[in-house]
Amino acid sequence: MNESVKQQAIKQALFERFEKHRLPRILDIKKSVDAGHPLSKMDTEFLEELIHDAQDNKHYVAESPEDIQVLFTKVIQLYKEIIETALKIETQ
């Protein structure tokens with residue numbers, strides 16, 4: 001398998017994992033904190049893993065079409081909103 005095909009396969013796998021597994025959980029966490037519930041330990045660990053993975057894989061995003069870059073930016077914004085809301089809940 002040449003490098004270009006390998007890179008495309010990795011990008012596809014990352015996107016599928018995000019779409020099928022991670023995004024639904026992110027949206028559930030967002031709904032929970034928006035309802036005033038604090039983050040659970042599992043939620044916090046999940047978000048930490050997502051942030052770590054985003055940092056590790058940002059070079060794939062940089063090499064991707066603009067629509068993927070825009071999606072990545074929106075997801076990072078969603079993480080930020082979840083964390084900010086969770087912090088407000090914790091400090092009340």
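Biologist: How are helix 2 and helix 3 oriented to each other, roughly parallel or roughly antiparallel?

Modeller: In this predicted model, helix 2 and helix 3 pack with their axes 11 Å apart and at an angle of about 160°. Angles over 145 degrees count as roughly antiparallel. Helix 2 and helix 3 are therefore roughly antiparallel.

Biologist: What is the handedness of the crossing of helix 2 and helix 3, and how do the residues of that contact divide by class?

Modeller: Helix 2 passes helix 3 in a left-handed crossing. From helix 2 come Leu-47, Leu-50, Ile-51, Ala-54, Lys-58, Val-61 and Ala-62, which meet Ile-68, Gln-69, Phe-72, Ile-76, Tyr-79, Ile-82 and Ile-83 of helix 3. By class, the residues of this contact are 12 nonpolar, one polar and one charged.

Biologist: How are helix 1 and helix 2 oriented to each other, roughly parallel or roughly antiparallel?

Modeller: Helix 1 covers residues 3-34 and helix 2 covers residues 41-62; their axes come within 12 Å and cross at roughly 155°. The cut-off for roughly antiparallel is an angle over 145 degrees. Helix 1 and helix 2 are therefore roughly antiparallel.

Biologist: Which residues make the contact of helix 1 with helix 2, and how many are nonpolar, polar and charged?

Modeller: The crossing of helix 1 and helix 2 is left-handed. Helix 1 contributes Gln-7, Ile-10, Lys-11, Leu-14, Arg-17, Arg-22, Arg-25, Ile-26 and Ile-29, and helix 2 contributes Met-42, Asp-43, Phe-46, Leu-47, Glu-49, Leu-50, Asp-53, Asn-57 and Tyr-60. By class, this contact has nine nonpolar, two polar and seven charged residues.

Biologist: Is Arg-22 buried or exposed?

Modeller: Arg-22 lies in helix 1. Leaving aside neighbours within four places in sequence, Arg-22 is in contact with Arg-17, Phe-46, Glu-49, Leu-50 and Asp-53. The cut-off for buried is under 20% relative accessible area. Arg-22 has a relative accessible area of 8%, so Arg-22 is buried.

Biologist: What is the relative accessible area of Lys-11, and what does Lys-11 touch?

Modeller: Lys-11 is also a residue of helix 1. Lys-11 counts as buried, with a relative accessible area of 17%. Not counting residues up to four places away in sequence, Lys-11 touches Tyr-60, Glu-63 and Ser-64.

Biologist: How far apart are the end C-alpha atoms of helix 3, and what span should its residues give?

Modeller: Helix 3 runs over residues 66-91, which is 26 residues. At 1.5 Å a residue, helix 3 should span 38 Å. The end C-alpha atoms agree with this, being apart by 38 Å.

Biologist: Which residues of helix 3 are buried, and what covers them?

Modeller: What covers the buried residues of helix 3 includes helix 1 and helix 2. Residues three or four places apart in an α-helix point the same way, because there are 3.6 residues a turn. The buried residues in helix 3 are Val-75, Leu-78, Tyr-79, Ile-82, Ala-86 and Ile-89.

Biologist: What share of the chain counts as buried?

Modeller: The C-alpha atoms fill a box of roughly 55 × 25 × 20 Å along the principal axes. Among contacts in the chain with a separation of 6 or more, 68% are between residues 24 or more positions apart. Of the 92 residues, the share that counts as buried is 25%.

Definitions and conventions. Residues numbered from 1 in each chain as written. Predicted model: local features only at pLDDT ≥ 70, side-chain atom pairs only at ≥ 80, totals over all residues. Heavy atoms only, no water. Axes fitted to C-alpha atoms, helices over the stretch in contact; angles between N-to-C directions. Helix = DSSP H or I, 4+ residues; strand = E, 2+ residues; numbered from the N terminus. Parallel < 35°, antiparallel > 145°, perpendicular 65-115°, else oblique. Left-handed = near helix turned anticlockwise from the far one by under 90°. Contact = heavy atoms within 4.5 Å. Nonpolar A, V, L, I, M, F, W, Y, C, P; charged D, E, K, R; others polar. Expected span 1.5 Å × (residues − 1). Buried < 20%, exposed > 50% of the residue type's maximum accessible area, 1.4 Å probe, protein only.
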